[in-house]
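The sequence and structure come next.

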Amino acid sequence: MTQTGYSSFDTTLHKTNRMLRQIEESCGWPKERRNQSYGALRAVLHAVRDRLTVDETAHFAAQLPLLVRGLYYDGWHPSGVPMKMHREDFLDHIRREMPPCEVEGGTEKLVSSVTQALRLYVTDGEWQGIKAELPKDLAEMLP
């Protein structure tokens, strides 16, 4: 584990790297493709964030590791949410923000890989709250 000399930073680095490794393993990417796992995490986080209400966004963010929480809020415009998105709109949002990459199973597989990694740190109750705010066709994509 990286040692920064500050336990909160060490912990968030460890948790973030654990998430990125899980995404890489799920997508079949080597560690050398860490930029893609980071891009995937960022793109999915932003698509979820932009679909949620301000209150639900804050509840979800509170459970994320510190570094991931910063990534989640990066570039957020709370006055423009929630954006109305159904399944295809949501997937298009991710494709626009994600650097080009090959994912066997496409964008839906990518969403599944990222959300499985997020589930490491989000309680069942919060996850159900997120799914309850989403349209049925979108909620069905989440574990």
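The structure is a predicted model.

## Helix pairs

Two packed helices are described by the angle between their axes and the distance between the axes. For helix H2 (residues 34–51) and helix H6 (residues 106–118), the axes come within 10 Å and cross at roughly 85 degrees. Angles from 65 to 115 degrees count as roughly perpendicular, so H2 is roughly perpendicular to H6. On the H2 side the contact is formed by Ala40, Leu41, Val44 and Leu45, and on the H6 side by Leu110, Val111, Val114, Thr115 and Leu118. Sorted by class, this contact of H2 with H6 has 8 nonpolar residues, 1 polar residue and no charged residues.

The axes of H3 and H4 come within 8 Å, with a crossing angle of roughly 150 degrees. An angle over 145 degrees counts as roughly antiparallel, and H3 and H4 are therefore roughly antiparallel to each other. H3 contributes Thr57, Ala58, Phe60, Ala61 and Ala62 to the contact, while H4 contributes Arg69, Tyr72 and Tyr73. By class, the contact of H3 with H4 has 6 nonpolar, 1 polar and 1 charged residues.

Which residues of helix H4 are buried? In H4 (residues 66–73) they are Val68, Leu71 and Tyr72. Seen down the axis of H4, these buried residues fall within an arc of 105 degrees, so they line one face of the helix. An α-helix has 3.6 residues a turn, so residues three or four places apart point the same way. The cover over the buried residues of H4 includes helix H1 (7–27), H2 and helix H3 (54–63). Just after H4, glycine 75 has a positive phi of about 80 degrees.

Helix H5 (residues 87–97) has Phe90, Leu91, His93 and Ile94 buried. Viewed down the axis of H5, its buried residues span an arc of 150 degrees, so they too line one face of their helix. These buried residues of H5 pack against H2, H6 and helix H8 (136–139).

## Aromatic pairs

Rings of Phe, Tyr and Trp are paired if their centres lie within 6.5 Å, and by this rule there are 5 aromatic pairs. In one of them, the ring centres of tyrosine 6 and phenylalanine 9 are 4.8 Å apart and the planes are at 70 degrees, so the pair is edge-to-face. Tyrosine 6 is partly exposed, at 47% relative accessibility, and phenylalanine 9 is partly exposed as well, at 43%.

The rings of tyrosine 73 and tryptophan 76 have centres 5.3 Å apart and planes at 50 degrees, so this pair is tilted. Tyrosine 73 is partly exposed, with a relative accessible area of 29%, whereas tryptophan 76 is buried at 17%. Ring pairs join Tyr73 and Trp76 with Phe60, Tyr72 and Trp127 in a cluster. Among the members of this cluster, Phe60, Tyr72 and Tyr73 also take part in the contact of H3 with H4.

## Histidine 14

Histidine 14 is located in helix H1. Is histidine 14 buried or partly exposed? At 36% relative accessibility, histidine 14 counts as partly exposed. Histidine 14 and tyrosine 73 are 59 residues apart in sequence, and their C-alpha atoms are 20 Å apart in space.

Note on methods. Residues numbered from 1 in each chain as written. Predicted model: local features only at pLDDT ≥ 70, side-chain atom pairs only at ≥ 80, totals over all residues. Heavy atoms only, no water. Axes fitted to C-alpha atoms, helices over the stretch in contact; angles between N-to-C directions. Helix = DSSP H or I, 4+ residues; strand = E, 2+ residues; numbered from the N terminus. Parallel < 35°, antiparallel > 145°, perpendicular 65-115°, else oblique. Contact = heavy atoms within 4.5 Å. Nonpolar A, V, L, I, M, F, W, Y, C, P; charged D, E, K, R; others polar. Buried < 20%, exposed > 50% of the residue type's maximum accessible area, 1.4 Å probe, protein only. Arc of directions from axis to C-beta. Phe/Tyr/Trp six-rings, centres within 6.5 Å; stacked < 30°, edge-to-face > 60°.
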